[in-house]
There are 2 protein chains.
Amino acid sequence: MHRDIDNCQCHGHTGCMAGPKTLPLLDPACCAPLVRAPLDAAAATSLARTLKALADPARLRLLSMVAAHEGGEACVCDLTEPLGLTQPTVSHHLKVLVDAGLLTRDKRGVWAYYALVPGALDAVAAVLTSQDVAVRI
Amino acid sequence: MHRDIDNCQCHGHTGCMAGPKTLPLLDPACCAPLVRAPLDAAAATSLARTLKALADPARLRLLSMVAAHEGGEACVCDLTEPLGLTQPTVSHHLKVLVDAGLLTRDKRGVWAYYALVPGALDAVAAVLTSQDVAVRI
DNA sequence: CCCTTGCATAGACAACCGTCGATGACTGGA
DNA sequence: TCCAGTCATCGACGGTTGTCTATGCAAGGG
């Protein structure tokens, strides 16, 4: 019943064997898909931290709004009004997403532009799914 | 800039055009991957509810322990001791996962057997990822 | 018919979370 | 130099959550 955590095959998703600092919150969970072997406490805590950042309606909408915005980036003033929340609340949610490694923040002049971290959401999805997937494009 | 929500292509993941009652919490988010178009409030709330059920170390470990257990099912007494939590707490977490549509509960005699809902985690992963994936096996 | 076993529920409590208004910091013009 | 605009931080408040102990309920064996 021993499962091959050691003999891990990474499927090329971001954050796996890609250096020391990429997606730190996801690394422990890397190569240990949820349904293949029991998670140890550390990996569970790490993955839960990332999922907790995602598990909020406002933050999910922020992610999708940033992704759908022209240029793949948006500043706070673009997001406040369509989201229907105050500017401090939007800033707070964006900070949570940045801290979780899901968004990047780029301050240019007076504006702060937020953008998706490429592959971050895919890495979360890869841990959740049991299917061995092939990227089509 | 109009994105094709109407002209939706389902990739065959569970809960999509598969009847009225399968995975109710995921249906609103179906066919609207996070990064393709802005989520409306209802879809965001629905997806957040499912992710909130996942965003806890104990529940993540429970999911993986149930999946890795022999026969793909486990009763509460199998999970309490390795998890290091009391029996009421384990029962509470299992109820949260059942209510989220991620686990099934089958009472046989004195024991309650929990098992993964097939495709439930894959459906969550499919919403999170932007990649058009092909199942290999 | 009792007694043990497995599980769910109820109630309580501390910790955490989402939201707000108020305020401060910084940038770029007039 | 002052002002307007953008954003982050602070402090506060109500609601939610994870955990526990205590208790109830059902099944099965003496």
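Predicted model: local features only at pLDDT ≥ 70, side-chain atom pairs only at ≥ 80, totals over all residues.
Four elements each supply at least two residues of the surface near DNA strand C: helix H4 (87–99) of chain A, and helix H3 (76–83), helix H4 (87–99) and strand E3 (111–116) of chain B. In composition, the surface near DNA strand C divides into 11 nonpolar, seven polar and four charged residues.

Which parts of DNA strand C lie within 4 Å of the protein? Sugar or phosphate accounts for 75% of the atoms of DNA strand C within that distance, and bases account for the rest. On the base side, the side chain of Gln87(B) places an N or O atom 2.8 Å from a base nitrogen of DNA strand C.

Turning to DNA strand D, 21 residues surround it, and the closest are Gln87(A), Ser91(A), Tyr114(A), Arg59(B) and His93(B). Of the atoms of DNA strand D within 4 Å of the protein, 69% belong to sugar or phosphate, with the remainder in bases. The residues of the surface near DNA strand D comprise 10 nonpolar, seven polar and four charged. Two or more residues of the surface near DNA strand D come from each of helix H3 (76–83), H4 and strand E3 (111–116) of chain A, and from H4 of chain B.

What does Leu54(A) touch, leaving aside its neighbours within four places in sequence? Within chain A, Leu54(A) is in contact with Leu60(A), Leu63(A), Leu102(A), Leu121(A) and Val124(A). From chain B, Leu51(B) and Leu128(B) are also in contact with Leu54(A).

Ser64(A) lies in helix H2 (residues 57–68) of chain A and is buried, because its relative accessibility is 0%. Within chain A, a polar atom of the Ser64(A) side chain lies 3.0 Å from the backbone oxygen of Arg61(A). Towards chain B, the side chain of Ser64(A) reaches the backbone nitrogen of Leu39(B), again at 3.0 Å. Apart from neighbours within four places in sequence, Ser64(A) is in contact with Leu34(B), Ala37(B), Pro38(B) and Leu39(B).

How many salt bridges does the whole structure hold? A search over all chains finds six. Side chains of opposite charge can pair when their charged atoms come close. One of the salt bridges joins Asp99(A) and Lys95(A), at 3.4 Å from N to O. These two residues are separated by about one helical turn, because they are four residues apart in helix H4 of chain A. Lys95(A) counts as exposed, since its relative accessibility of 51% is over the 50% cut-off.

Asp106(A) and Arg108(A) form another salt bridge, with the closest N and O atoms 2.6 Å apart. Both partners are partly exposed, Asp106(A) at 35% relative accessibility and Arg108(A) at 37%. Together with Glu73(A), these residues are linked in a network of salt bridges. In chain B, Arg108(B) forms a salt bridge with Glu73(B), the closest N and O atoms lying 2.8 Å apart. This pair links distant parts of the chain, with Arg108(B) in strand E2 (residues 103–108) and Glu73(B) in strand E1 (residues 73–75), 35 residues apart. Arg108(B) is partly exposed at a relative accessible area of 37%, and Glu73(B) is likewise partly exposed at 23%.

Conventions
Residues numbered from 1 in each chain as written. Chains lettered and ligands numbered in written order. Heavy atoms only, no water. Contact = heavy atoms within 4.5 Å. Near = heavy atom within 4 Å. Polar contact = N/O pair within 3.5 Å; in protein donor to acceptor, adjacent residues only side chain to side chain. Nonpolar A, V, L, I, M, F, W, Y, C, P; charged D, E, K, R; others polar. Salt bridge = Lys/Arg side-chain N within 4 Å of Asp/Glu carboxyl O. Buried < 20%, exposed > 50% of the residue type's maximum accessible area, 1.4 Å probe, protein only.
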